[in-house]
Structures are given as structure tokens and as C-alpha cells.
Amino acid sequence: MNKALRNPLIYILFVLPAFILFLAFFIYPIYTAIDNSFTSWNGISKDVKYIGFDNYATAMSDVAFWKSVKNNVYFILFSCLVQVPLIVIFSLLIANVKRLKGLYKTAVFAPSIMSTAVIGILWGFIYNPDFGLMNQLLGLFGVEPIYWLSDKNWAMLSILITNAWQWTGFYIVMVLAAIISIPKELDEAAAIDGATGWQRAMKITLPLVMPIISVVIMLSIAGAMKAADIILVMTKGGPAGSTDVMATYMIRYAITSFKHGFGNSIAVLIFVFTMIITALYQVLIARRNERIEY
Amino acid sequence: MRAMKKLIPHIFLMAYLLVILYPFLFVLFSSVKTDNQSIAANPFGLPDTFVLDNYVNAWVNAKISTYFWNSLYIGVLSACLSILFAAMLAFAITRMRYNRISAILFQCILLGMLIPNNSLMLPIYGIMRQLDILNTHMALILPYVANAIPFSVIILAAFMRSLPGEIEEAAVIDGLRSGGLFARIILPLTVPAIVTVFIINFLGNWNEFLLANYFLSNDELRTLPVRMVGFRDAYNMNYAQMSAGIVFSVLPVLIIYAILQEKIIEGVTAGSVKG
């Protein structure tokens with residue numbers, strides 16, 4: 001028995017392919033990113049000059065960089081303050097209806113399996129100032145056409161709405177699964193004791209799904225730090241850098257204008273910022289949510 | 001009163017459903033209208049006469065068939081390779097008797113889930129250039145395979161761990177070695193989890209945009225999402241034709257979703273992969 005399952009050669013053979021790929025595409029890139037971030041390398045030439053922390057200093061003193069950080073923060077705040085309440089409300093609503101539950105779940109989830117690029121194109125059409133759905137709809141109420149994606153006061157909000165439209169349903173389904181897994185008896189007991197639907201939702205269901213909401217917030221933060229394709233497709237960071245996030249800022253410098261070293265320093269900063277926010281969230285908020293067993 | 005109370009949640013949910021589904025209908029309706037003028041004149045409903053030319057033109061102008069096959073083959077091949085490698089690793093760490101090393105390996109792989117992957121895009125771009133495979137499909141397949149490994153290992157390992165030990169005892173007594181045990185016993189039993197993981201990986205690869213956009217510059221090699229954006233930039237004067245293009249690229253995913261929605265929802269939420 002043990003002989004068949006203790007064969008070092010076979011073990012290594014089975015572990016190696018996946019592990020080499022893991023090292024090559026997760027660990028090694030982190031190392032090269034850190035290494036290159038201290039150089040002024042353009043990504044092509046043979047001679048690589050180390051310039052210490054200059055790239056980081058350049059980034060820190062660039063107003064456009066801080067603007068992109070601010071937009072990442074908007075992304076996070078919009079997810080946590082607008083999306084999360086909607087997610088909770090709608091998952092409670094779906095959990096409590098008897099009919100059409102399957103339809104709601106399926107339909108709500110659909111946008112999240114689609115290509116962000118195509119969603120970006122679709123919403124670019126909806127935001128079209130002349131005949132897009134948004135202005136046509138607002139036009140019915142006599143609102144003047146708004147240049148959603150080319151007006152720097154509206155562009156960021158337009159992207160946030162699109163992003164929320166794509167991902168809210170995904171999280172609703174996650175929270176819904178958690179709500180459904182709560183034993184019925186808890187709710188019934190509270191109902192017998194005379195609790196109203198509202199009281200049961202607030203005092204029984206919500207506290208019990210707090211851990212999963214915490215996961216949703218974590219994933220939203222990770223998603224907000226990752227967002228790049230939706231911006232590239234819809235506005236390319238414009239108008240005038242007003243929708244740039246850290247990732248698009250990085251891409252612009254590193255690939256489009258060959259500042260490979262500088263781009264890598266931004267990659268390291270994205271990594272560090274994501275880790276800091278995740279750690280802060282874990283320490284300050286998530287720590288209090290223990291696992292719930294029924 | 002009671003009926004009213006039951007109706008209220010449905011009103012809110014229907015409103016939400018409308019917000020989700022109407023944009024798709026809007027594109028579908030627009031795709032059978034003649035041009036921008038007729039979209040502007042009648043934005044919300046169906047046109048009086050259906051024009052199917054847009055579909056033909058989009059298919060020809062956007063050369064959708066080429067890009068469709070590129071996406072399909074890259075997506076399927078990468079998903080299969082990551083499942084094979086992930087299943088082998090999962091088998092080794094859950095079923096073979098090297099518990100300490102296996103625990104360390106598994107923790108390493110879990111770490112991979114935490115790394116924000118667009119901060120890795122640039123260094124990977126550098127590696128691809130060093131390997132001199134930029135602008136070939138390998139430049140997408142390798143990162144796609146690697147990127148899916150942590151998630152696939154986690155799901156497959158969880159599933160394999162739940163298989164009873166008696167199965168392999170019986171197999172070993174019947175004379176199977178570890179290789180045969182993996183290929184003939186464990187792998188077939190893991191098929192339900194493999195299907196889920198395959199769909200998730202495939203959809204992720206099919207939809208991927210960032211790497212596909214920057215790692216390939218040869219037009220013939222591009223994938224469907226990248227091509228759609230290029231098509232939008234080239235034909236954004238003609239929204240009716242663009243809508244037809246959107247329909248082409250959304251339809252395959254919607255069909256897969258309609259057939260396999262339970263598996264997809266279960267898989268995506270289990271791994272909680274996003275984007």
C-alpha cells in the first residue's frame with residue numbers, strides 16, 4: 001500500500017510541471033519586477049543601469065500617478081459603499097421569494113461570465129451621447145444629453161456603473177448561497193417568537209452571513225485593484241487621465257512608451273498597495289468575524 | 001394586503017432584471033436596424049423591418065471566424081493543459097504519502113491566489129520577450145495555463161481528498177502502481193470536478209483581454225475580445241453593424257451558460273475567481 005504511494009520519482013514527476021509553471025509565472029515575475037524596478041531599462045537594450053529608488057521617487061512625485069491611485073480608491077469605495085448594500089438587499093430579496101428564484105439567480109449572474117472587453121463595448125454604445133440608451137432614456141425626462149465617457153466629470157462614474165453592472169450579480173449569488181445554507185429552524189424559531197420579516201433579516205440572517213460579506217468585500221478590493229481592461233476598452237484612461245487607475249498608468253508607461261524599469265516600479269507598488277489594503281482590512285475588520293458552524 | 005406583500009419583492013427584482021437584461025435586448029434590437037438614424041429614431045423597440053445584412057457584414061468585415069477559432073483553440077488547449085498539470089499535482093499532494101512536503105506545496109499554491117495578477121503582467125511580458133515567443137500563441141497559452149493552476153489545484157485537491165481511501169487500497173491490491181492509480185481510478189472519479197474547473201478556466205481564457213491585447217501584435221493571431229475592440233474602433237460610425245458583432249461574441253458564452261449554468265455558478269463561486 002505505502003510502497004505504491006511512496007515513490008519519490010513518481011511524486012516528483014507529478015509535482016514538477018505545475019510547480020515549475022507556478023515558479024515561472026508567479027514567483028520569478030515578482031523577483032524580476034522588483035529587480036527591474038531599480039533600473040532605467042527600456043525593456044530592449046542590453047545594458048541595464050541601476051538607478052536605486054529613482055523610479056519610485058518619480059512615481060511618488062507624479063501628480064498623474066496619484067490621480068490613478070485616487071481612482072483605485074474610488075473603485076474600492078464604490079464597491080464597498082454602493083455595491084455591497086445592493087448585494088445584501090437583493091440577495092435577501094431573492095432568498096425570500098418563493099417563485100422565480102431560479103430565473104433571478106440565472107439572469108443576475110449572466111453578465112459576470114462575459115468578456116469585460118465586450119461589456120465595455122456594449123456600454124460604450126449605451127453611453128453614446130447621440131443615440132445611446134442612457135441619453136435616450138434621460139431624454140424622455142427632458143435631461144440634456146450628457147457626454148458620459150468624454151466628460152471628465154462623468155467618465156469615472158460611468159465606468160464604475162458598468163463595473164458594478166457586471167459584477168454585482170456574481171456577489172449576489174455568492175451571498176445567496178450563504179443565506180440558503182442557513183438552517184430553516186433559526187428563522188422559524190424567530191418567527192414563532194413574533195419577529196417581523198425585517199427583524200429576522202437584520203438580527204438572524206445578516207449576522208450569519210457576515211463572514212461571506214467579508215469575503216465579498218475582500219474580493220471587491222482585489223477586483224478594484226485589478227481593474228484595467230474595462231478602462232482600456234471604454235476610455236483608455238482618458239479624458240486627460242481622469243479615469244486612469246494604477247494598472248493602466250503602468251501599461252501606458254511600460255509598454256506604450258518603453259519605460260520598462262519605471263513600469264515595473266508601478267507593478268511593485270500595485271502589489272504592495274494591494275497587500276497593505278488587504279492586511280489592513282483583515283486586521284481592522286475581518287478579524288472579528290469568526291467562522292460559523294451550524 | 002397579503003398578496004401585495006408578496007408582490008413587492010418581485011417588483012424590485014423585476015426592475016433589477018430589466019437593468020441587467022435590457023442592455024442585451026437593446027443591442028439585439030439595434031443589430032437588425034438599418035443604420036444609426038434608425039436607432040436614433042426608434043431606440044427602445046423593434047424596427048418595422050428586420051435587416052439581417054449587419055450580421056453578414058460583421059461576419060465578413062470583422063473576419064469573426066478566424067478570431068473565433070483562435071480564441072476557441074487557445075482557450076480549450078490552455079484549459080486542458082492546466083487541468084492535466086493541476087490534477088497531477090493535486091493527486092500527488094492529496095493521495096501520495098509525503099504529507100509534510102505536500103502541505104508546504106499546497107500553501108505555496110494558495111499564495112498564488114493572493115497575488116494581484118495584473119502586477120505580474122509586465123514582468124511576464126519581459127519573460128515572453130526573453131523567450132522570444134511574443135507574438136505567437138505560446139505567449140498566451142503559457143501564462144493562461146500557469147494562471148489557472150492555483151484555482152484548479154484547490155478545487156481538484158478538495159475533491160480528491162474526499163474520495164474514500166478504500167478505493168485505492170483495492171486498486172493497489174489488484175496490482176496498480178501510483179501512475180495507474182492516477183490515470184485509471186482517481187482521474188475518472190474526479191470528472192465532475194474537472195468539468196467545473198474546465199468551464200471556469202475556458203471562460204476565463206475566452207474572455208481574457210489584457211495579455212491578449214499586448215502580447216500579440218500580428219492581426220491574424222488575435223483573439224475575439226481583442227478583435228471586437230479593434231472592430232469597434234474601426235466601425236464605430238456604424239452602431240448597427242457593431243451590435244451584430246457584439247451578438248456574435250456574446251452568443252457562444254450565453255449558449256454555454258444556458259446549458260451549464262448550474263455547473264458554472266457552482267464553480268465560479270467556489271473558486272471565487274473574478275475577472
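This is a predicted model: local features need pLDDT of at least 70, side-chain atom pairs count only at pLDDT 80 or more; totals for chains, interfaces and linings use all residues.
Residues are numbered from 1 along each chain as its sequence is written, chains are lettered from A in the order in which they are written, and side-chain values use heavy atoms, with hydrogens and water left out.

Me: What makes K236(A) and D233(B) a salt bridge?
Reply: A salt bridge is a side-chain nitrogen of Lys or Arg within 4 Å of a carboxyl oxygen of Asp or Glu. The closest N and O atoms of K236(A) and D233(B) are 3.9 Å apart, so the pair meets the definition. The count between chain A and chain B is one salt bridge.

Me: Which helix of chain A gives the most to the side that touches chain B?
Reply: Helix α2 (residues 8-36) of chain A does, with 19 residues. A helix here is a DSSP run of H or I with at least four residues, numbered from the N terminus. The side of chain A that touches chain B divides into 69 nonpolar, 16 polar and six charged residues. Ala, Val, Leu, Ile, Met, Phe, Trp, Tyr, Cys and Pro count as nonpolar, Asp, Glu, Lys and Arg as charged, and the others, Gly among them, as polar.

Me: How many residues of the two chains are said to be in contact?
Reply: Contact means heavy atoms within 4.5 Å, and 91 residues of chain A are in contact with 97 residues of chain B.

Me: What is the area buried between chain A and chain B?
Reply: Buried area is the accessible area (1.4 Å probe) that two parts lose on being put together, summed over both. Chain A and chain B bury about 8800 Å² between them, 78% of it on carbon and sulfur atoms.

Me: Why is a space called a cavity?
Reply: On a 1 Å grid over the protein atoms alone, a cavity is a set of points where a 1.4 Å probe fits but cannot get out; lining residues have an atom within 4 Å of a point. The structure holds three cavities of 30 Å³ or more, and about 70 Å³ of space lies in the largest cavity. Its lining includes M114(A), W206(B) and V253(B), and α13(B) gives the most to that lining, with three residues.

Notes: Helices (H or I, at least four residues) and strands (E, at least two) are DSSP runs, numbered from the N terminus. On a 1 Å grid over the protein atoms alone, a cavity is a set of points where a 1.4 Å probe fits but cannot get out, and a pocket is an open set with protein on both sides within 12 Å along at least five of seven lines; lining residues have an atom within 4 Å of a point. Grid points are joined across faces, edges and corners, and a volume is the space filled by probe spheres set on the points.
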